[in-house]
Amino acid sequence: MENLLALLGGFSVAVTPFHIGLMIVGVLLGILVGVLPGLGAPNGVSLLLPLTFSMDPVAAIILLTSMYWGALFGGSTTSILFNIPGEPSSVATTFDGYPLAQQGRATEALSLAFLSAGFGALVGVIVITLLSGFVQKFALKFSSPEYFAVYFLAFASFVGLGGAPILKTIVSIGIGFALAAVGMDSVSGSLRLTFEIDQLIAGVSFLVVVIGLFGIGELILTIEEGLQLKGIHAKVRPRDVWRTLLSMPRHWATLLRSALVGVWMGITPGGPTAASFMSYGLAKRFSKYRDNFGKGEPDGIIAPETADHSAGTAAMLPMLALGIPGSATAAVMLGGLMIWGLNPGPMLFVERPDFVWGLIASMYLGNVLAVVLVLATVPLFASILRIPFAIIGPAIVVICFIGAYTVGSRPFDLWLALGFGFLGYVFKKLDYPIAPLVLAMVIGDKAEDAFRQSLIMSKGSMAIFWSNALVATLMGLGIVLLLWPIITTLFGKVRSSA
Amino acid sequence: MISRASAEVVFAGFTAAFGAMIAWGATEFGVGWSPSGPQPGTFPFYIGGLVALASLANLGLALRKVSAGDQPFITAEQVRAVLRFVLPMIGFVVLSLWLGLYVATAIYMFGVMRFQGRYPLWHSGLVAIGLPVALFLLLEKGFRVSLLKGPLEAALGY
């Protein structure tokens, strides 16, 4: 009840003509970056973030989150029409979306994707609405060791559930932490790891790193793979949309299961990509039409899309309540929150309820708007992809570097973006996951501070991380997740030998 | 052609060196315990060490594969495609630092469209001038964000 009242308050903050205008702009920009190769949600939000430095935080977060929703939709559009996932999290949508579109049922495929995405997002927001009060009360019990344990849990779940090779995930996280440590040390005030290079004194901005890793790296990869756009022409007919909408209740089991998978993966930072794959796998396993998967089965579109969007929205909950982002994009937004002078974590609910509940209310509205807008503009955005790459490619390069420069007006950042572009390319080629690096960069300082303060509290004894039930549970859970791949292999061996 | 296994080896060596460099750089600030808690270098020291160790393990795994398989990392044709894209991009960065982002954008767009996309002169020229002007209006006028400028903007009084 308390939450519902707070939500009503949030609506009164969010529903102004200015904010709704921002939502529309954000969603459209988001669809654009989602559709364009090389630009995706994390990168798009990084590019837009410097432009919000002078905005009111509520307006800024509405703009950025709306862009996120738009990018998620844009990513599925290209998956279905071009067989090119605009976002890593919409890879699973290509499996059945593209075949269905090829059969001349593009409208059905798109509507299925957008409607189930909208459903997933709504479930995500409802869960956030219901849980945030609870999580906040829970989080107020936290002190430094508990915070460190939660950070540990977040990284452990990347290692255990992320699906990438474990050692490579560890390298990725470590590089992120190391980069976060460059520059001024927030506890002692001394300059660290600058290696006598003046440009490193200000530290390495995670925004520049994201633009390099996701934007430029992705572009190089696209070029190397030889971009082949064989698009299917899409005309969205309202009648087909309506018919698809009426058919949705038949898929209730898949919708519900996928939404739950997504919410779980969004809150524990497994992220939307892992969620969509997991949900696709589960849908296939439970389906009566298992053989039709990969050939245009509706459940094969509904499952990854629902999970993708419910994970994307649910990732906002740990970001707001604990200061731990559940996805790379949420990590970028978390960095934005800190730049706007907000302090993510449980106190945010007490200090700035207008911000938190305004954001949550805007998520309801933004997602409904996004479904409508994306259905209305699909043909337009699909035609953008038909612009030859010799024009669109360099234009994206220009936008990425301008974005990198606007972060801190430092010429050196152009070189950094370029360097991280090459790094991102190699990361992708060799299956090193990028999201953990970004997450580690954004919360690296906070994790380190929590670690150091815990040790100060305990005078150097590691036992503090096991000193009460709460922190011990969190650490124990983290260790289980960390060892999860080993546990499952052992179980598999036991089972196969039995 | 570069084989994937050898690329793995080189990159694992690179990340190992990075980890070692971080750990070594951290020792300068003390990696032990001081009366005011852990010294500033402690956390980076162990992180660097972890990266180095994990990288060495990656290196070991990759070395075992070098003799076994020769899956390609990149083919000669792909190298050419990547260079065609990357070299102009590096040129763009160098030009930006020298002439400012707007002028560099114009030259870069024109160059790529005219000489790689084989677009007609007027077509390439239109985009090459239109894009920086649009960006200028959007950023400098709309958002009041100032980009890196060069001699041309200085001559025009910005």
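Colleague: What makes the crossing in which α6(A) passes α19(A) left-handed or right-handed?

Modeller: A crossing is left-handed if the near helix is turned anticlockwise from the far one by less than a right angle, and right-handed if clockwise; α6(A) passes α19(A) in a left-handed crossing. Please keep in mind that this is a predicted model, in which local features need pLDDT of at least 70 and side-chain atom pairs count only at pLDDT 80 or more, while totals for chains, interfaces and linings use all residues. Residues are numbered from 1 along each chain as its sequence is written, and chains are lettered from A and ligands numbered from 1 in the order in which they are written.

Colleague: At what angle do α6(A) and α19(A) pack, and how far apart are their axes?

Modeller: Helix α6 of chain A, residues 144-161, packs against α19(A) at about 145°, with the axes 8 Å apart. Axes here are lines fitted to C-alpha atoms, for helices over the stretch in contact, and angles run from 0 to 180 degrees between N-to-C directions.

Colleague: Which residues of α6(A) and α19(A) meet, and how do they divide by class?

Modeller: Among those in α6(A) are Y151(A) and F155(A), and among those they meet in α19(A) are A447(A) and F451(A); being in contact requires C-beta atoms, placed from the backbone, within 7 Å. By class, the residues of this contact are 12 nonpolar, three polar and no charged, where Ala, Val, Leu, Ile, Met, Phe, Trp, Tyr, Cys and Pro count as nonpolar, Asp, Glu, Lys and Arg as charged, and the others, Gly among them, as polar.

Colleague: How many residues of chain A and of chain B are in contact?

Modeller: On the side of chain A there are 47 residues, in contact with 53 residues of chain B. The largest share of that side of chain A, 11 residues, comes from α17(A), and by class the side has 32 nonpolar, eight polar and seven charged residues.

Colleague: How does the radius of gyration of chain B compare with that of a compact globule?

Modeller: Chain B has 24 Å, whereas a compact globule of 158 residues would have a radius of gyration near 15 Å; the radius is taken over C-alpha atoms, and the globule rule is 2.2 Å times the number of residues to the power 0.38. Along its principal axes, the C-alpha trace of chain B spans about 60 × 55 × 25 Å.

Colleague: What elements does chain B have?

Modeller: Chain B has six helices and four strands, which are DSSP runs numbered from the N terminus (helices H or I, at least four residues; strands E, at least two). From the N terminus on, they run β-α-β-β-α-β-α-α-α-α.

Definitions and conventions. Contact = placed C-beta atoms within 7 Å.
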